[in-house]
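Here is a friendly walk through one protein model, from its sheet to its helices and cores. Have the structure open as you read.

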Amino acid sequence: QKWIGKLSQAAADVSASEDYQSNGGSQIQITELPFFDVELVGVPALGYVGMNHLANNPHFEELMQETGRGERGEPKVVICGGKGGVGKTTTSSSLAVTMAAQGHKVCLISTDPAHSLGDAVDMDLRGGKMIDCPLYGVPSASIGDGSLSVMEIDPSSALNEFKGVVDELIGSGGTSAANSGGTDVRATLQDLESVFDTLPPGTDEVVALAKVVKLVKEGNFDRIVLDTAPTGHTTRLLGLPSFLADLIDRLLGIAGKVSSNAAVKMFVSSAAGGNNDAVESAAAAAKSKLLSFQVQMYDMEDLFANPDQTEFLIVTIPTELAVRESVRLLNDLTFESPEFPIKVRNIVVNQVLKDDGSDINTFLSHVSDGQKTSMNNLDQALKSNPNPPRITKVQYLDTEPRGAFGLKVLGDELLKEDSTAATSA
């Protein structure tokens, strides 16, 4: 309760700020979800959590209510984010299942490289395709006309697809084309190479999210839930659409310089079997795709900044590090980009123990069993390695190892384990 109290105070301070009030007002609400001693896997389990803790929760009334869309007919978008390991995927999945059970047409998308959404809904989502998710076993799901579609987007594949479009725009040839075109074109193509070498972290996820903008435009859903990568990616992600839109301007400029060089055009045409028309047609199609993508980036920027359509749901657990990171995330979303603040209406705190302490033993047993299983899995995985790395086990510390003293305690544990291993060796 100590860290929930600190989180509540931070939420109250942000809610009272001028920046927050100017972005739609209201009050940031905190919802506590209890510790469950089982893994919440599959639609029935996710529906059980949602129907008991979200469906009739006044903090989520705006998402659950019958009114399907915003004032201008646009779908409502919920971005779920937070520190790794706090239950983001479980929370986002439970929210999506519950809104679908309430009669909404819901799309649940994950851009987390961990690909844990498939595990949560107990479905094979490989392939990056939208898949219908039956609401079997969810109370009240049969009453309305709701539906749930789920998809895992592979950010790496999306970025490679984007780079492929750029290759079509510039034409093939690489170093040989640069050498054929002289110093100016060589410098231009080196500039292109530097563009992709210096892309900031999270770019792949933003490229993948272009599909979300398309879904919003198509209008087949009235609720879209995004399960994002851990916090570090998320805060960068929200500022990247503008960066990528500017990047496309730069890429189009590079393409213009390359295409205006006769020697390079001749080389690229030769590499394509002398079919210059095919090269120019591919380049024109690629340019059209990039311009379309650029528009999607501007639309995404508008989507993130629209408090009537989009909100950010922070997910956390009641530990010091998780709460501190959640508070930083809340402040970043509200104050870091005044032109494009992201609205935070709700914070979900998972794994909250009962006040009477009746579930402490169950919680500790759950943690202990989970550790044993994970260590066994790690041992089994290393057995096939001919030169496995050494495993160092550090005992649980009853406080976060922060500051010089805390880090020294942790260091002493590491050195003690290492010394023991060296002696036995």
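## Two neighbouring strands

Strand S7 (residues 310-316) and strand S8 (residues 344-352) run parallel and are joined by five bridges. Within this pair, Phe312 has Val344 of S8 as its bridge partner. Helices (H or I, at least four residues) and strands (E, at least two) are DSSP runs, numbered from the N terminus. Two strands pair if DSSP finds at least two bridges between them.

Keep in mind that this is a predicted model: local features need pLDDT of at least 70, side-chain atom pairs count only at pLDDT 80 or more, and totals for chains, interfaces and linings use all residues. Residues are numbered from 1 along each chain as its sequence is written, and side-chain values use heavy atoms, with hydrogens and water left out.

## The whole sheet

Zooming out, eight strands make an open sheet of mixed pairing, in the order S1-S8-S7-S2-S6-S3-S5-S4. Strand S1 (29-34) and strand S4 (131-132) are at the edges with a single partner strand each, so one side of each has no neighbour in the sheet.

Helix H14 (residues 320-336) has buried residues including Ala322, Val323 and Ser326. The 17 residues of H14 reach 23 Å from first C-alpha to last, close to the 24 Å expected (1.5 Å times one less than the number of residues).

## Helices H3 and H5

Helix H5 (residues 88-101) lies across several strands, including S7 and S8, and runs at about 170° to S6. Helix H3 (residues 43-53) packs with H5 at an angle of about 80°, their axes 8 Å apart. Axes are lines fitted to C-alpha atoms, for helices over the stretch in contact, and angles run from 0 to 180 degrees between N-to-C directions. H3 and H5 are therefore roughly perpendicular (65 to 115 degrees).

## Nonpolar cores

The largest nonpolar core has 48 residues, and Ile224 and Ile347 have the most contacts inside it. Helix H9 (residues 203-218) gives the most to this core, with seven residues. Apart from it lies another core of 36 residues, among them Leu40 and Val315. Such a core is a set of buried Ala, Val, Leu, Ile, Met, Phe, Trp, Tyr and Cys residues joined through side-chain atoms within 4.5 Å.

Notes: Contact = heavy atoms within 4.5 Å. Buried < 20%, exposed > 50% of the residue type's maximum accessible area, 1.4 Å probe, protein only. Parallel < 35°, antiparallel > 145°, perpendicular 65-115°, else oblique.
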